[in-house]
Amino acid sequence: MELHNNNNTCTSFDISRGSSVVQDKLSKSRRVRNKSVDFDDNLLYAENPRLIYINDPRRTNDKYEFTGNEIRTSKYTLITFLPKNLFIQFHRVAYLYFLAIAALNQLPPLAVFGRTVSLFPLLFVLCVTAIKDGYEDWRRHRSDRNENNREALVLQLGEFQMKEWKKIRAGEVVKIHADETIPCDMVLLGTSDPSGLAYIQTMNLDGESNLKTRYAMQETVSSVFEGCNVLGLIRCEQPNRNIYEFTANMEFNGQKFPLSQSNVVLRGCQLKNTDWIIGVVVYAGQETKAMLNSAVSPSKRSKLESYMNRETLWLSIFLLVMCSVVALGMGLWLHRHEEELDTLPYYRKRYLTKGKDNGKTYRYYGIPMETFFSFLSSIIVFQIMIPISLYITMELVRLGQSYFMIEDKHMYDSSSGSRFQCRSLNINEDLGQVRYVFSDKTGTLTENKMEFRKASVYGKNYESSDLTDDSLLDHNIRAAAVLRSRWKLKSEISVDSKLMDLLHKDLAGVERIAAHEFFLTLAACNTVIPIVSQDTSSGHGRSESWEDVEAIDYQGESPDEQALVSAASAYGYTLFERTSGHIVIDINGNKLRLDVLGLHEFDSVRKRMSVVIRFPNNAVKVIVKGADTTMFNILARDTERDDQIGRVTQSHLTEYSSEGLRTLVVAARDLTDVELEQWQCRYEDASTSLIDRAAKLRQTAALVECNLNLLGATAIEDKLQDGVPETIEALRQAGIKVWVLTGDKQETAISIGLSCKLLAADMQQIIINGNSEEECKNLLADAKIRHGVQSANRKNQNLERKNSENGYLEITDDAKSSNVLQWHAGKEEPAVCAPLALIIDGNSLVYILEKDLESELFDIATSCKVVLCCRVAPLQKAGIVDLVKSRTDDMTLAIGDGANDVSMIQMADVGVGICGQEGRQAVMASDFAMGQFRFLKRLLLVHGHWNYQRVGYLVLYNFYRNAVFVLMLFWYVPFFVVNLSFLNFLGALLKNIKKIK
């Protein structure tokens, strides 16, 4: 195997079979997670790991249990296309109806129309749909063929050779060059960077354009560069859909170390800013995470189609009644004229001609069968009561409506260059029936472009503002010039002059040390990737100190982290190098190398992130940042000074939140040798475990995330998008309720709600913040009594009144006054006319949505004008949508821009994705996509209204037109029978007159 280094020299490097002997794999079964908190790894006895022998695919797949790397996204083959496609199409009940009609018309006694002609309408519809499906599947086949026939370098017989993707197997070693696509899921063994660092772009996988770092373990990297034999065995979890987690460990050269998501590159990603990488295949083909997540969004049916199905059922019943009337009339007429059938005109039952057929029955089957055949013939004649052409016409109309929406210049976002996307053609008319809008806040109502605004450092508030004093301005410029003599940020950040002075004073005071550790934490406690490039924009004629100016940009998965690291750089703490084992920070021109001993990433349980670092003087410190709800519980309270700083910082956080700023708390502490040794032992065991690794890592983090020294807090601004207040007000005037579901803290959400005119100063706020099921139950009951909220059953019994302006459900004054009096006799009666606003946090929703309190929450929420849910998890967002969707017939719409909004978007009747800063997961899971929230006004109130009105008129016109045709035919039957009877009576009368004469 040859590795090309920067000097274009070659180093031989052999990978042989691992010498470790492991037990045979257990039978394949679904893994059951062991909930034990014990760190003993009993994987081989209780679990079913996947064993990957490096560079030994034959031994890896000795039982032929693993799939190859060939993928298939198509639905059909040449053999299965016709039966499978017909089976799918005939899921539409209307098609079965028309098939039955065509079959009846093939019977000789029922051949009302030509036998062949009766098949044309159904065959036309089936053929058009089959051609469309076949063309789409042919494109999938072509795409699959091109994908499978791509080539990559695979280690074969000691050297890398080109091999088709579809022939790559688990256990093989693959080499990828810059800008190439990863063919399968691989664990990194080495990269062109001696530190084992690689950059990948996951846009094809999750839609995020930011670069992400992946690391090869230092043990394998050193072996790669030294050309040593690598004896490797990887134990990893079975294939699953979680693209953000990978649990495995590796054994080679007698060592065992953990593997996580940061050590694996997934199929579909692209290698960026790295010359090459080498990895071993762990998942291939259909077992890769990309393919396991390739399922399309759940199909949604239009509410109008459901209404049409109901109407079709009623029309079918009406059709059967008409046919029964005709058949009954036919039976009575035949019974009355049974003896005269051979003599009556227009009907004969026997041949009257001379010859061998004289007297034989002429297509006459007796009165019962003739009555039954008349019933079936009537169904064929009246079949147009249910129009088959309506389905084709509706598809064409929806296609035209989609074109109008896509080409609407008023819904084009010039800032991002994105136009409106119509990703689902079958629910266009539902846009005109929306009653509830569920919206995310960050990135949907706001721009998700974070700017560092304020900081509370050791109990003092600092903020960036436009300075008017010339001396302060000059001082700020000089300080910034000194700091940026080498590093130039992508965007300029204004700084606080007092804080700058504090950082540059040669003092050893507590406040100076706290400020230093504060910005050191901002620069080091993150996963941001610094990208350094030579700045060519610096002009000539500057001082020599500006000659070495380097531009630095930060790429990260979170815009918050990018803003914090950029702010630290603006204050002189520039992160400019990151590897898997260390980081380097430029502090006012002095380089500080910090060894990263371990990192506990942010999770939704702890709601914080911590990094254990070692300084050059061997001092070890843990630095932590996280949400205030969890950080203040783990702070040290040793002295009165600590309590005072904590109270002041909390007041600053409240002030920041009231201004709509996003906040984080920063803390740190030194670790003793005993604490470090205990933590390292538990950290190594937890990180190498394949059983409940996340839970064990949380327990390990708790060992060091305690008794922290508070350093301060940060405040980041996320500005509102253009036109958000106007859009919300327009939707409210149209009778649409807007609910905001956000993960931000309550004060921030309320502030944003006021600024976007979702909340008003005259609204009565119902705040539900419960910490137990009983407390939530009492709060809900108290709110219902205090504000006179009726239960859903009573609301249905009482007369519902609509507000003439806003269209919201009102509560009768009698109910309000009576319930308020029952609440507390001594309390002052609230203003019954004030609108209500419900504000509830995610902790309360945990007890409400999982217990028998959903109906209580529903009663209160639907009686409020505004609902604001704070600190909610993604599944709780979907739960809120389902709360309304399952209890009402109102149409729901969910709009968001991030991966945490996907469940909400898929749960709602209509899902809208915003092309924002958090990737394209929401867009890929949505029915419609657009660039700005303000476009929702035109989408619902203009296009939605037009779509619903036009499709509604189309359906009504088709039903009315066909009903007229069928009723004309139906009226002709009794009219003809009456006239035939009159002619028979007249003929008999004339015969009698002749006899009398």
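Is strand 24 (residues 573–578) largely enclosed by the rest of the structure or exposed, and why?

1. Strand 24 is largely enclosed by the rest of the structure, because 5 of its 6 residues are buried. Buried means under 20% relative accessible area, exposed over 50%, and partly exposed in between (1.4 Å probe, protein chains only). Strands (E, at least two residues) and helices (H or I, at least four) are DSSP runs, numbered from the N terminus.

2. This is a predicted model: local features need pLDDT of at least 70, side-chain atom pairs count only at pLDDT 80 or more, and totals for chains, interfaces and linings use all residues. Residues are numbered from 1 along each chain as its sequence is written, and side-chain values use heavy atoms, without hydrogens or water.

3. Strand 24 pairs with strand 25 (residues 582–587) in the antiparallel sense, over 5 bridges; pairing requires that DSSP finds at least two bridges between the strands. Opposite Arg578 stands Ile583 of strand 25.

4. The largest nonpolar core has 74 residues, of which Phe519, Ile585 and Leu594 touch the most other members. Helix 14 (residues 510–524) gives this core its largest share, 8 residues. Another core, of 47 residues, lies apart from it and includes Ala152, Phe160, Ile234 and Phe257. Such a core is a set of buried Ala, Val, Leu, Ile, Met, Phe, Trp, Tyr and Cys residues joined through side-chain atoms within 4.5 Å.

5. Beyond its neighbours within four places in sequence, Leu594 is in contact (heavy atoms within 4.5 Å) with residues including Leu520, Ala524, Ile583, Ile585 and Phe615.

6. Val325 is found in helix 9 (residues 303–336). Val325 counts as partly exposed because its relative accessibility is 45%.
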